[in-house]
Each structure stands twice: as C-alpha cells, then as structure tokens.
Amino acid sequence: AQHNEVSTAIGVEMTRLEELLAAFKGARPSTAVVAEIEAAVLGLRHNLNALDDLVAARLTVVARKEELLRRLSATTIAGQRLVAPGILVMNSRLAQWRAAAADASLAPDRSAAIMADLVQAIAAYIPQQRAHQEMSAVNDALVRTADAPTPGDLALALFPLRRSLAALETISAEVDVKLQVRFRQRVDEFKALIDGEKSIPKARQDELAVLAQGEKLLGEN
C-alpha cells in the first residue's frame with residue numbers, strides 16, 4: 001500500500017514536471033536548451049519508472065523469502081520432533097543404567113542384558129542426536145543466509161549448508177527404520193530450501209541483485 005502511494009505521488013510530480021516543460025517550450029526558448037531539459041526530464045522519467053519496477057520486484061522477493069523462512073521453520077520443527085522422542089527416552093533411561101551398573105547384587109546374565117540394551121540404545125541415539133544438531137545448524141545458517149550482506153557472503157554460506165545436508169542424507173539411512181520415510185521427507189524439504197530456484201539463497205541472491213540495480217539507478221538520478 002505504501003509503495004502504491006509513493007508511486008502515485010511520484011507520477012503526479014512527473015506529470016507536473018512534463019507540463020512545466022511543455023509550457024517552457026511554448027515560450028520559444030533556445031532549441032538547444034529545450035533539447036537538454038527535455039532529455040533530462042525523459043531520463044528522469046525512465047529512471048523513476050525503472051526504480052518503481054525495482055521496488056515492486058523487491059517487495060515480491062521479500063515476500064517470497066519470508067514464505068520460504070516460514071517453510072524452513074515448519075520443516076525444522078517437524079524434523080526435530082521426529083527424532084526428539086528417541087533422545088528423551090535415552091536421557092530418561094541413563095539414570096536406570098547407571099543404577100544397574102552400580103548394583104553389585106545383579107546376576108551376571110542380568111548385568112550383561114542391561115549392557116546389551118545400553119549399547120543398542122546408544123546406537124539408536126547417536127544418529128538421532130546428530131540429526132537434531134544438523135537440523136539446527138541448517139536452520140540457523142539459512143536464517144543468516146536470508147540476510148547475507150553480499151553475494152560473496154552468500155556463496156560462502158552454501159558450503160556449511162551443503163555439508164550439513166550431506167550429513168542429514170547419511171543419517172537418513174541410520175535412523176530407526178520406522179522414521180526413515182518421514183525423515184527423508186524432511187531432508188528433501190531442507191534440500192529444496194538450500195539449493196535451486198525456490199531456495200532461500202536464490203531468493204536472497206535475487207534481492208541483492210535488485211538492490212544493486214536500485215543503487216545504480218539512484219546514482220544516475
């Protein structure tokens with residue numbers, strides 16, 4: 001709405017300027033002077049129209065980026081909720097294992113069974129804990145990427161993102177079989193947000209390009 005108001009106001013002022021130019025030409029001044037002023041007015045009109053288009057493009061890309069960030073938040077929450085129960089179970093059972101390990105009255109076969117259970121639980125816990133950490137890393141990195149100050153910073157941000165994505169793809173084969181399909185879906189969602197035409201880095205790249213064009217036009221004006 002604010003953009004429309006500003007755009008309309010600029011249009012009104014440009015119309016007045018063109019009317020003044022027409023009146024000036026009617027006074028029959030020097031042809032060279034008229035040509036110079038007319039060229040300046042036309043150039044200003046062109047640049048202001050281009051700036052208006054860029055403002056509209058910026059608003060569009062910002063809205064797109066905000067939607068992608070909402071998707072990122074939803075994917076991160078869904079992914080971490082997927083692995084959280086296993087982490088909570090592991091944490092809650094640690095005290096039981098410690099108590100059992102310290103109990104000298106336990107029969108050897110019972111103690112061995114408890115240790116085997118512990119080993120199995122740890123094997124299941126490790127990939128889920130890593131998944132939780134990598135999802136947090138991807139989320140935080142993409143949030144920073146959305147506001148990367150330069151194209152160079154944007155390019156640098158992609159390296160750790162792709163490394164975390166590769167780690168998640170590896171973990172997808174290590175988590176509990178019952179979780180693998182849904183886990184893979186979350187990984188695919190992260191992948192789309194990291195790479196490609198509909199990714200957060202691409203949205204920021206487009207935004208930086210619009211800002212650069214705007215600065216160039218402002219310099220010309």
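Reply: Happy to; we'll set each value beside its definition. This is a predicted model, where local features need pLDDT of at least 70, side-chain atom pairs count only at pLDDT 80 or more, and totals for chains, interfaces and linings use all residues. Residues are numbered from 1 along each chain as its sequence is written, and side-chain values use heavy atoms, with hydrogens and water left out.

Me: Why is Lys-202 called buried?

Reply: Buried means under 20% relative accessible area (1.4 Å probe, protein chains only). Lys-202 has 18%, so it counts as buried. Across the chain, 30% of the 221 residues share that label.

Me: What makes the pairing of Lys-202 and Asp-206 a polar contact?

Reply: The term asks for a pair of N or O atoms within 3.5 Å, one able to donate a hydrogen and the other to accept it. The side chains of Lys-202 and Asp-206 make such a contact at 2.7 Å. Lys-202 itself is found in helix H6 (residues 200–220).

Me: How do you know that the length of helix H5 agrees with its residue count?

Reply: The expected span is 1.5 Å times one less than the number of residues. For the 15 residues of H5 (residues 180–194) that gives 21 Å, and the end C-alpha atoms are 21 Å apart, so the two agree.

Me: Why do the buried residues of H5 line one face?

Reply: They include Phe-183, Val-187 and Ile-194. Seen down the axis of H5, the buried residues fall within an arc of 120 degrees, so they line one face; the arc is taken from the directions from the helix axis to the C-beta atoms.

Key:
Helix = DSSP H or I, 4+ residues; strand = E, 2+ residues; numbered from the N terminus. Buried < 20%, exposed > 50% of the residue type's maximum accessible area, 1.4 Å probe, protein only.
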